Amino acid sequence: MNIPENLRYTKDHEWVRLEGNKAVVGITDFAQNELGDVVFVELPVIGKKLAAHDNLAVIESVKAVSDIFAPVVGTVSKVNEVLTDSPETVNQDPYGGGWIAELEMADSSAVDGLLSAAEYEALIKEKA
Amino acid sequence: MQDQEKKTPLYDLHVASGAKMIGFGGWLMPVQYTGILEEHAAVRTKAGLFDVSHMGDIKITGQQAEEMINFLITNDVTKTAVNQILYSPMCYPTGGVVDDLLVYRLALDEYILVVNAANSDKDFAWISEQAKNYHVQVKNISDKVAQLAIQGPRAEQILQKLTLTKLSGIRYYWLQRDVSINGISCLLSRTGYTGEDGFEIYCNAGDAVGLWKALLEIGKPDGLVSVGLGARDTLRFEAGLPLYGHELSETISPLEAGLDKFIKLDKKSFIGQEALREAVNNGITRKLVGIEMVGKGIARAGYVCQQFGRPVGLVTSGSYAPTLDKNFALALLEGDLAMAGIRLDVEIRDKPVEAIVVKKPFYVRGK
């Protein structure tokens, strides 16, 4: 299972990459594997203000509909339009081209409360 | 509940091959092996092998077997020949559906009903209750029988490599008994639930592992892969085939589901006949239609259909259709909306998303 060291994670199997005061969000390799073939991604509107755990996006695989939550409080500053026509990118490159959205944070220390790679790995092992 | 779920004879093989297992109809079944889209495409273009041993098998024998079965189902079994197969709904007196099933006519006084896994016990109880009035024996032989399905354009050529029986001689919805496949005695029928050509193979539960392995091995050069319930659902959905619990149920009549050609109102008395006749005379108020999504989103079972903000029906099944690369749905709509070209919305996460009524099935295989 691929869990990059440089990212932060949530219990909902999302990853966060900190870039200054921006947080780029996606789902983990474990999550895309559990979901199976992703066939639709509903992206948020740019400028939408979100509290932590608010609905950020929806990912649909052939069989399941999954809510993606905002890992931190912030305002949507970018969305990955590629996923509209190529939702399978989430499966193929979950930590790269499969990113979902970018949040602009007023306080980037919110990311500190998220899981480290080691903590997330332990969480998955517990589940399996 | 997990530990009470039943396992088919192939369970260990599925787990060893890395399949994702899920609970379905009281059984632990493979939902996918490598991926639903890949497995779906294999069946449409080459061939797929399914473990469908969860299906129920109810054997009915005796002098009055034909008469009783004809009282149980809406279609007319008296019109079938020995070795022929009949699809039919089986109704309650209300016209609601107990189950939809296949009748295998093995002899004039010997039949096997192949029923949905989740309904197997309910069906057996229902049939046994009706059987009290007839000289028949009813046996639930589900645990003794394993069922595999090989489906796809290359199904026949692959299966032919393991048998001397001339498969081209078995026509659509006919069966042949005592067919030796790789030395294993099977009942073979040209049937399936995918919209492709193919066969369903019934054997003793103890022979299933050997048969599965032999088929996968001989079919490998032709692209045969194992296929789970996930792709089985998307395949049947594209082909417009109803799934009990979605397009058919105790509260959805076969008339509403558009199964008119499997209802023979003019045959001798059968359960549900009066209710169905009345529904025909009065006109049915809702009808199963195909819907293509125009806006972005996937309609899922239970979502509300609306027109100008007014609710007009419910989605029964909805999915991305892999062969067509579009999102479709089956929905029960108010009767006068059941016309291709009618525009409506499907409510997805509190937002109306544009859709249009289209002809079903969504997919028809080329000849």
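Helices (H or I, at least four residues) and strands (E, at least two) are DSSP runs, numbered from the N terminus. By this definition, chain B holds eight helices and 20 strands.

The structure is a predicted model, in which local features need pLDDT of at least 70, side-chain atom pairs count only at pLDDT 80 or more, and totals for chains, interfaces and linings use all residues. Residues are numbered from 1 along each chain as its sequence is written, while chains are lettered from A and ligands numbered from 1 in the order in which they are written.

**Chain B as a whole**

The radius of gyration is taken over C-alpha atoms, and the globule rule is 2.2 Å times the number of residues to the power 0.38. For chain B the radius is 21 Å, close to the 21 Å that the rule gives for 367 residues, so the chain is as compact as a globular protein of that length. Its C-alpha trace spans about 60 × 50 × 45 Å along the principal axes.

A residue is buried if 20 or more other C-beta atoms lie within 10 Å of its own, exposed if 12 or fewer, and partly exposed in between, with C-beta atoms placed from the backbone. Of the 367 residues in chain B, 47% are buried. Two residues are in contact if their C-beta atoms, placed from the backbone, lie within 7 Å. Among contacts in chain B between residues at least 6 apart in sequence, 67% join residues at least 24 apart.

**Helices of chain B**

Helix α2 (residues 36-45) of chain B has seven of its 10 residues buried, so it is largely enclosed by the rest of the structure. B:Ile36, B:Leu37, B:Glu39, B:His40, B:Ala42, B:Val43 and B:Arg44 are these buried residues. They pack against β3 (27-32), β4 (47-51), β10 (145-151), β14 (224-226) and α7 (229-238) of chain B.

Axes are lines fitted to C-alpha atoms, for helices over the stretch in contact, and angles run from 0 to 180 degrees between N-to-C directions. The axes of α3 (residues 65-72) and α4 (residues 120-131) of chain B come within 11 Å and cross at roughly 120°. Angles under 35 degrees count as roughly parallel, over 145 as roughly antiparallel, 65 to 115 as roughly perpendicular and the rest as oblique. The helices α3(B) and α4(B) are therefore oblique to each other. In their contact, B:Met68, B:Phe71 and B:Leu72 of α3(B) meet B:Ile127, B:Gln130 and B:Ala131 of α4(B).

**The contact between the chains**

Chain B contributes 11 residues to the contact and chain A contributes nine residues. On the side of chain B that touches chain A, α2, α7 and β17 (310-321) of chain B each supply at least two residues.

A:Val58 lies in strand β6 (residues 55-61) of chain A, and B:Ala301 lies in the loop between β15 (286-293) and β16 (304-307) of chain B.

| Residue | C-beta neighbours inside 10 Å | Class |
|---|---|---|
| A:Val58 | 18 C-beta neighbours inside 10 Å | partly exposed |
| B:Ala301 | 17 C-beta neighbours inside 10 Å | partly exposed |

Leaving aside neighbours within four places in sequence, A:Val58 is in contact with A:Glu42, A:Val65, A:Ser66, A:Asp67, A:Ile68 and B:Arg349. The C-alpha atoms of A:Val58 and A:Pro44, 14 residues apart in sequence, are 8.8 Å apart in space.

Not counting residues up to four places away in sequence, B:Ala301 touches B:His246, B:Val315, B:Thr316, B:Ser317 and B:Gly318. Between the C-alpha atoms of B:Ala301 and B:Glu347, 46 residues apart along the chain, the separation is 11 Å.
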